Amino acid sequence: MDHRYATVDTPLGVVVAVASPDGLVAVRVADDPGHVLGALAHAHRIVPEPDDDVAADLAPQLDAYFAGRLRAFDVTLDWSLVSGFARDALQAVREIPYGETASYGEVAALAGRPRAHRAVGTACRDTPFALVVPVHRVIRSDGKLGEYGGFPEHKRFLVELEREAIR
């Protein structure tokens with residue numbers, strides 16, 4: 001399959017966008033883009049070639065999002081790396097309004113499996129679509145933010161960015 005990638009600098013670090021002919025297959029924030037590309041090669045046998053055009057639609061949307069002007073991303077996603085309940089959970093996450101949060105349990109209920117809050121946590125942790133599927137809006141039932149792929153400071157930054165933008 002023909003996969004391509006591009007990188008975009010953001011306030012959180014470098015975003016690596018990987019596309020198939022069907023859309024973005026991965027959007028990840030990384031300290032080292034090579035780590036993201038290596039993980040995709042190892043787990044999915046995806047070895048993309050560099051192509052700046054991959055980020056043509058995404059880059060201006062990321063800029064607008066971080067400026068507080070964009071509420072939802074309008075990019076085509078290729079969901080081929082996500083299946084089963086994880087896909088249902090991530091689709092439900094997309095329904096959380098900008099600037100708001102929902103608990104893992106609430107997302108599980110939205111996805112049709114009210115007791116599957118841990119599976120929602122796994123889906124959020126493993127999402128290939130950072131930022132464009134707003135898993136940062138999913139919080140613990142006690143109201144604490146929780147983790148965000150090992151970067152809780154990123155989650156706090158994103159939640160606060162959105163809350164400030166809607167004030």
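Modeller: The side chains of Glu-162 and Arg-137 meet in a salt bridge, with 2.8 Å from N to O, where the term stands for a side-chain nitrogen of Lys or Arg within 4 Å of a carboxyl oxygen of Asp or Glu. This is a predicted model, in which local features need pLDDT of at least 70 and side-chain atom pairs count only at pLDDT 80 or more, while totals for chains, interfaces and linings use all residues. Residues are numbered from 1 along each chain as its sequence is written, and side-chain values use heavy atoms, with hydrogens and water left out.

The pair links distant parts of the chain, since Glu-162 lies in helix 6 and Arg-137 in the loop between helix 5 and strand 6 (138-139), 25 residues apart; helices (H or I, at least four residues) and strands (E, at least two) are DSSP runs, numbered from the N terminus. Glu-162 has a relative accessible area of 2% and is buried, and Arg-137, at 5%, counts as buried too, where buried means under 20% relative accessible area, exposed over 50% and partly exposed in between (1.4 Å probe, protein chains only).

The structure holds five salt bridges, and another of them joins the side chains of Asp-142 and Arg-140 at 2.5 Å, N to O. There Asp-142 is partly exposed, at 45%, and Arg-140 is likewise partly exposed, at 38%. Arg-167 and Glu-164 also meet through their side chains in a salt bridge, at 3.3 Å from N to O, and here Arg-167 counts as exposed, with 73% relative accessibility.
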